[in-house]
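Subject: Structure handover

Hello,

Here is the structure I promised to pass on. Please open it and keep it beside this email while you read.

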Amino acid sequence: MINVLEKSCMILNKEIKAIIVYTDNGLTVTLAGGDKSHIGAVTAVDESGKITTITFPEHKETIISETWAKELFKSYHIPVVVSAGIHYDVITKEQIAEVVEASYSLLNLILEESKDFVCSLLEAEEKKDF
């Protein structure tokens, strides 16, 4: 079964959107926005908690993709893949910090709102295994 959750926030007058796909045994997240959505970094956490990140040249989204992947794995204990690509055409270091913080706030909102939903999906899967 596949379930999809979408959440977004506005930061620096641009939308950042998270699309979370809950599969039978894992989560896939696309986090993108700003002036140009893209893929800047991809982080995967496997069943054992091993983290692998690929960062495309010239991109700085690693901190975001790794934080999201670690927190989602810590909360749900299932494999996680996070793709992050947020680009603003003109941005200062202070504004970059605002974007990173906004992404963390969005993550916390998702964790809060989806906890019961994900737990019910995981419980349903455990019951099917017996």
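Two strands pair if DSSP finds at least two bridges between them. Helices (H or I, at least four residues) and strands (E, at least two) are DSSP runs, numbered from the N terminus.

This is a predicted model: local features need pLDDT of at least 70, side-chain atom pairs count only at pLDDT 80 or more, and totals for chains, interfaces and linings use all residues. Residues are numbered from 1 along each chain as its sequence is written, and side-chain values use heavy atoms, with hydrogens and water left out.

Six strands form an open sheet with mixed pairing, in the order 1-2-3-6-4-5. Its edges are strand 1 (3-11) and strand 5 (51-55), and each pairs on one side only. From one strand to the next, the twist averages 10 degrees. For angles, axes are lines fitted to C-alpha atoms, for helices over the stretch in contact; the angles run from 0 to 180 degrees between N-to-C directions.

Strand 4

Strand 4 covers residues 41-45 and pairs with strand 5 in the antiparallel sense, over five bridges. Strand 4 and strand 6 also run antiparallel, joined by five bridges. Alanine 41 stands opposite threonine 55 in strand 5 and opposite alanine 84 in strand 6. Alanine 44 has threonine 52 of strand 5 as its bridge partner. The hairpin of strands 4 and 5 has five residues between the strands, and there glycine 49 takes a positive phi near 95 degrees. Ala41, Thr43 and Val45 make up the covered face of strand 4, while Val42 and Ala44 make up the uncovered one.

The helix

Helix 1 (residues 62-76) lies across strand 2 (14-23), strand 3 (26-34), strand 4, strand 5 and strand 6 (80-87). Its direction is at about 150 degrees to strand 6.

Two residues to check

Is serine 83 buried or exposed? Serine 83 sits in strand 6. It counts as buried because its relative accessibility is 12%. The cut-offs are under 20% relative accessible area for buried, over 50% for exposed, and partly exposed in between (1.4 Å probe, protein chains only). Leaving out residues up to four places away in sequence, serine 83 touches Val29, Thr30, Leu31, Ile39, Ala41 and Val42. Contact means heavy atoms within 4.5 Å.

Isoleucine 54 is in strand 5. This residue is exposed, with a relative accessible area of 53%.

Best wishes
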